[in-house]
Amino acid sequence: MVHLEKVTYKNEEEIIGMEIIESQYPFVADNMESLADAYIAITSGEAYAYPFAIYDDDTPVGFLMLGYNEAALEGPEAPESLRNNYSLWRLMIDKRYQGKGFGREAVRLALEFIRTWPSGRSEACVTSYNPENEVAKKLYASFGFVENGDIVDDEIVAVLKL
Ligand SMILES: CC(C)(COP(=O)(O)OP(=O)(O)OC[C@H]1O[C@@H](n2cnc3c(N)ncnc32)[C@H](O)[C@@H]1OP(=O)(O)O)[C@@H](O)C(=O)NCCC(=O)NCCS
């Protein structure tokens, strides 16, 4: 069964060692950088990050990081859609496990978690993707994410009303 677990000393090495396909490198930060971003978000006191390992039974197959109020980290240029909203901030499935439905299941679990309102209620969940990332674009659209015209770090922003 696919489920999310917190990143701990138990799975840290596996998370850091996960790899994507070379052509996908522009699409997502590596997991070490994401964990550093989580540290910054959490210690800033203005934003929040929820990093998770994605498991298939006992096997870690990917990494997911949700965020809250990413606008506080992006500075004054940040799109309004990132303010006081949740974000599907990072998602990757290790190259050995792609194409088996884990990415789709992880997004479903992410939205289920967000709807427990861990940082309080909010209007929307945002995500962003590289304009060439057709797989991510279609995956998020299938959950109801709609592009709103915003761009962040050269990525297209899409918003899901909660
Ligand atoms: C995007 C990503 C997380 C998807 O995870 P995944 O486990 O491989 O995807 P799934 O098996 O759950 O498939 C989800 C959908 O994408 C489609 N898909 C997956 N890989 C595909 C590929 N290489 N080409 C075309 N379609 C693909 C599947 O057919 C499926 O569509 P459907 O549910 O309508 O049939 C994964 O490809 C990945 O880690 N990519 C690199 C990092 C990245 O792009 N992250 C997103 C940043 S915004």
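Where in the structure does Asp153 lie? Asp153 is found in the loop between β6 and β7 (155-161), and the points below place that loop within the rest of the fold.

1. Basis of the note. The model is predicted: local features need pLDDT of at least 70, side-chain atom pairs count only at pLDDT 80 or more, and totals for chains, interfaces and linings use all residues. Residues are numbered from 1 along each chain as its sequence is written, and side-chain values use heavy atoms, with hydrogens and water left out. Helices (H or I, at least four residues) and strands (E, at least two) are DSSP runs, numbered from the N terminus.

2. The sheet. Seven strands form an open sheet in the order β1-β2-β3-β4-β5-β7-β6, with mixed pairing; two strands pair if DSSP finds at least two bridges between them. At the edges stand β1 and β6 (146-152), each of which pairs on one side only. From one strand to the next the twist averages 30°, where axes are lines fitted to C-alpha atoms, for helices over the stretch in contact, and angles run from 0 to 180 degrees between N-to-C directions.

3. Strands β1, β2 and β3. Strand β1 (residues 2-6) pairs with β2 in the antiparallel sense over five bridges, and Tyr55 in β2 is the bridge partner of His3. The pairing of β2 with strand β3 (residues 59-68) is also antiparallel and runs over nine bridges, with Ala53 opposite Phe63 in β3. β2 and β3 form a hairpin with two residues between them, and Asp57 in the turn has a positive phi of about 50°. Strand β2 (residues 48-56) is mostly covered, since seven of its nine residues are buried; buried means under 20% relative accessible area, exposed over 50%, and partly exposed in between (1.4 Å probe, protein chains only).

4. Strands β3, β4 and β5. β3 and β4 run antiparallel and are joined by seven bridges; Leu66 has Leu88 in β4 as its bridge partner. β4 and β5, by contrast, pair in the parallel sense over three bridges, and Ser87 has Val126 in β5 as its bridge partner. Of the six residues of β5, five are buried, and the strand is mostly covered.

5. Pro60. This proline is found in strand β3. Pro60 counts as buried because its relative accessibility is 10%. Between the C-alpha atoms of Pro60 and Ile93 the separation is 9.4 Å, although the two residues are 33 residues apart along the chain.

6. The structure holds seven aromatic pairs. Rings of Phe, Tyr and Trp (its six-membered ring) pair if their centres lie within 6.5 Å; planes under 30 degrees apart count as stacked, over 60 as edge-to-face and the rest as tilted. One of the pairs is that of Tyr86 and Trp117, which is tilted, at 6.3 Å centre to centre and 45° between the planes. This pair links distant parts of the chain: Tyr86 is in strand β4 (residues 86-93), Trp117 is in the loop between α4 (102-114) and β5 (124-129), and they are 31 residues apart. Tyr86 is buried, with a relative accessible area of 1%. Tyr48, Tyr50, Phe52 and Phe113 form one aromatic cluster.

7. Helix α4. The helix has 13 residues and reaches 18 Å from its first C-alpha to its last, close to the 18 Å expected at 1.5 Å a residue; the expected span is 1.5 Å times one less than the number of residues. Buried residues in α4 include Phe102, Ala106, Leu109 and Ile114.

8. The α4-α5 contact. The axes of α4 and helix α5 (residues 134-142) come within 11 Å and cross at roughly 45°. α4 is therefore oblique to α5; angles under 35 degrees count as roughly parallel, over 145 as roughly antiparallel, 65 to 115 as roughly perpendicular and the rest as oblique. The crossing of α4 past α5 is right-handed, a term used if the near helix is turned clockwise from the far one by less than a right angle, and left-handed if anticlockwise.

9. Positive phi values. Most residues other than glycine have a negative phi. Asn84 has a positive phi, near 55°, and its place is in the loop between α3 (71-74) and β4. Asn84 counts as partly exposed, at 43% relative accessibility. For Asp153, phi is also positive, near 50°. Asp153 is exposed, with a relative accessible area of 58%.
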